[in-house]
Amino acid sequence: MNLVKVLVINDQKKYQLYFNNSQLQDLAKIIKEPSEYGMVDYLDNDIVESLNTSNKYYISGDDKTKNYQLDILKPLLLNIDKLPMLDSASSIYDKDGNLSYTLVGYLFKEDNGNQELFLYQLKKSNLVKDKGFLALFKKKSGDLHNNKLTVEQIEDGFNLPITDCLASIYKRKDSNEGKQYKVKIYQAYIFDRVFKTSDTQHEYVERNLQKFESTVKIAKDDVISISFKNANLSNLKNVIYSDNHLTRTFANYHDNGRRKIKQIGYDELQKVLDILKNYVKNNADARFESKNIPTLKDGILEVTEDSIPTFAALLDNKVIQRLLNNDIEIPYFKRHPNN
């Protein structure tokens, strides 16, 4: 792939930085290619567990795929071939001297028109203020006329980040060749912080809670419906939003038939709930109470604000598989022992 554009990006704007073709080629040589080692499939049924140990994941999808990461990154590619130029390096500062941009983007293109935008954080450590700016590119081998460094004195500027890629989005020109988009997140928790994803995740939480009550069913053969009718929905959402793990569980839920909870039957799920109830009754050291266990009756799993953490653990396979090994623990109540 060829580097064709360098961008600066914030929540509302993106601008192109001027580089000629030769400079772009030299810059491409020193940008450190991010490693995909340990990257997991975000849409895999075990992804929530995997993300506890992996900071990297990818998502393949198209315009119908609903993930907050795609919602955030796809607009960055809009009109990317018609971006205005940043008028001056000092424009990266606002009137108070703070950074106006949070990201630098490197747009690479393939000969077939496919493109990938790599995103790097623009940090305070990249700033060069009142010291001039040193523009340094690797020299082409055999070029005897390119041995001098060029120093351009300016009032304010910044060094381009070339390591620690945050994320990228790949787009195919021809969607018939495969999934149109592939998002790669290399630093999951920093990505959520930089893009302030909590509001977007909350939208997905609310959407999925509505789906649970209307269309989504769990257990083998989709025999169990979910009900929140005895829950205060406002309190229920407050519990979810108070914990990043719960928020991620409900924001990222996909009704995937490979999930463990979709592979067990009605009686097996009832057995799991009964084991939890007996454990609470007979173990004074249990970190949760009977009210924290959903109830199953007549094909309906009743979930309240007290039992929503256990419901999340069931969805994430934090309970079902472990009960086979007599390992009884609800992660939320381990993280919040006073709840």
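Colleague: How exposed is Asp222 in this model?

Modeller: The model is predicted, and in it Asp222 is partly exposed, with a relative accessible area of 39%. Anything under 20% would count as buried and anything over 50% as exposed.

Colleague: Which residue forms a salt bridge with Asp222?

Modeller: Here's the general idea: side chains of opposite charge can pair when their charged atoms come close. In this case the partner is Lys262, with the closest N and O atoms 2.6 Å apart. The two sit in distant parts of the chain, 40 residues apart: Lys262 in the loop between α7 and α8, Asp222 in the loop between β13 and β14. Lys262 has a relative accessibility of 11%, so Lys262 counts as buried.

Colleague: How many salt bridges does the count come to?

Modeller: The count is nine. Some share partners, and that joins Glu36, Glu116 and Lys184 into one network.

Colleague: Where do Lys109 and Asp81 lie?

Modeller: These two side chains meet in a salt bridge at 3.2 Å, N to O. Lys109 is in strand β5 and Asp81 is in the loop between α3 and β5, so the pair ties together parts that are 28 residues apart in sequence. Both ends are partly exposed: Lys109 has a relative accessible area of 24%, and Asp81 has 48%.

Colleague: What about Asp26 and Lys29: how far apart are their closest N and O atoms?

Modeller: They are 3.9 Å apart, and the pair forms a salt bridge; the cut-off is 4 Å. Asp26 and Lys29 are three residues apart in helix α1, which means about one helical turn separates them. Now look at the cover on each: Asp26 counts as buried because its relative accessibility is 7%, whereas Lys29, at 52%, counts as exposed.

Colleague: Which residues of α1 are buried?

Modeller: In α1, residues 21-30, the buried ones are Leu24, Asp26 and Leu27. They lie on the same side of the helix because they cover an arc of only 165° around the axis. Turn to the face pointing away from that buried side and you'll find the exposed residues Asn21 and Lys29.

Colleague: And what covers the buried residues of α1?

Modeller: The cover includes strands β1 (2-9) and β5 (103-109). Remember that β5 is also where Lys109 lies.

Colleague: Which residue caps the N-terminal end of α1?

Modeller: That's Asn20, with a side-chain oxygen 3.1 Å from the backbone nitrogen of Ser22.

Colleague: Let's do a strand. How many residues of β12 are buried?

Modeller: Four of the five, so to read it plainly, β12 (181-185) is mostly covered. To see its pairing, look at the strands alongside. β4 (57-61) pairs with β12 in the antiparallel sense over five bridges, and β11 (165-171) also pairs with β12 in the antiparallel sense over five bridges.

Colleague: Which residues of β12 are the bridge partners of Ile59 and Ser168?

Modeller: For Ile59 the partner is Val183, and for Ser168 the partner is Lys184.

How values were computed
Residues numbered from 1 in each chain as written. Predicted model: local features only at pLDDT ≥ 70, side-chain atom pairs only at ≥ 80, totals over all residues. Heavy atoms only, no water. Buried < 20%, exposed > 50% of the residue type's maximum accessible area, 1.4 Å probe, protein only. Arc of directions from axis to C-beta. Contact = heavy atoms within 4.5 Å. Polar contact = N/O pair within 3.5 Å; in protein donor to acceptor, adjacent residues only side chain to side chain. Pairing = 2+ DSSP bridges.
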